[in-house]
Amino acid sequence: MAKANPLQEQLLKAGLVKKSKVAEVAREQNKARHAKGPSELNEIQREAERARAEKAERDRALAAERKAQAHKAELLAQARQIIEDKKVPRTGESEYRFTADGAIRTVLVNDDLRRKLSSGALVIARLGDRYELLPRAAGDKVRERDASMIVLDHGQEVGAEPSAGTSEDDAYYAQFQVPDDLVW
């Protein structure tokens with residue numbers, strides 16, 4: 001039963017109305033209070049509804065953009081963490097030179113690290129303003145998250161970088177002997 005208002009309760013106590021009539025009136029008032037308004041919308045209401053829809057669309061687009069930026073920042077943080085955790089300690093006095101950002105960079109390595117770098121077992125990754133050596137598996141994980149962090153990778157697939165006329169060049173230069181002790 002719907003709750004009666006104080007006036008209805010007083011009338012009921014005074015015996016002027018029946019309990020069923022109070023309940024019926026209370027139900028009607030409740031229905032009237034919760035009934036839907038007129039079905040036709042006037043111009044102001046249509047404009048307000050359109051503005052709400054546009055705002056909701058802008059909010060969804062901003063939320064998607066923020067989510068994408070957060071995902072990118074998360075991947076970058078994961079890549080940094082992998083580099084920090086998996087970096088190979090550099091030892092040695094021999095300089096290993098490579099190009100990064102249009103400049104020649106140098107890291108100090110020993111003969112074992114040099115062999116691993118040239119064979120592709122190790123890669124060089126950028127971490128801020130310094131360069132770190134990573135094992136191949138860690139380098140692949142970093143490349144999945146942010147490929148721009150990998151600076152040097154000699155073990156990359158042959159089809160990854162297009163090379164024009166390498167077979168002709170290789171055939172020509174095969175006639176020249178390269179000394180074994182040549183260090184760049």
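In which helix is isoleucine 82 found? I located isoleucine 82 in helix α3, residues 43-86; helices (H or I, at least four residues) and strands (E, at least two) are DSSP runs, numbered from the N terminus.

I noted that this is a predicted model, in which local features need pLDDT of at least 70, side-chain atom pairs count only at pLDDT 80 or more, and totals for chains, interfaces and linings use all residues. Residues are numbered from 1 along each chain as its sequence is written, and side-chain values use heavy atoms, with hydrogens and water left out.

**Entry 1: isoleucine 82.** I looked up its relative accessibility, 14%, and therefore recorded isoleucine 82 as buried (under 20% relative accessible area; exposed is over 50%, partly exposed in between; 1.4 Å probe, protein chains only). Beyond its neighbours within four places in sequence, I found isoleucine 82 in contact with Ala138, Lys141, Val142 and Arg145; contact means heavy atoms within 4.5 Å.

**Entry 2: helix α5.** I listed Ala138, Gly139 and Val142 as the buried residues of helix α5 (residues 136-145). They lie on the same side of α5, because they cover an arc of only 100 degrees around the axis, the arc being that of the directions from the helix axis to the C-beta atoms. On the other side of α5, I found Ala137 and Glu144 exposed. The cover over the buried residues of α5 includes α3, β3 (122-127), β4 (130-135) and β5 (150-152).

**Entry 3: aspartate 101.** I placed aspartate 101 in the loop between β1 (94-100) and β2 (103-109). Its phi is positive, near 60 degrees, and the residue is not glycine. Most residues other than glycine have a negative phi. At 60% relative accessibility, aspartate 101 counts as exposed.
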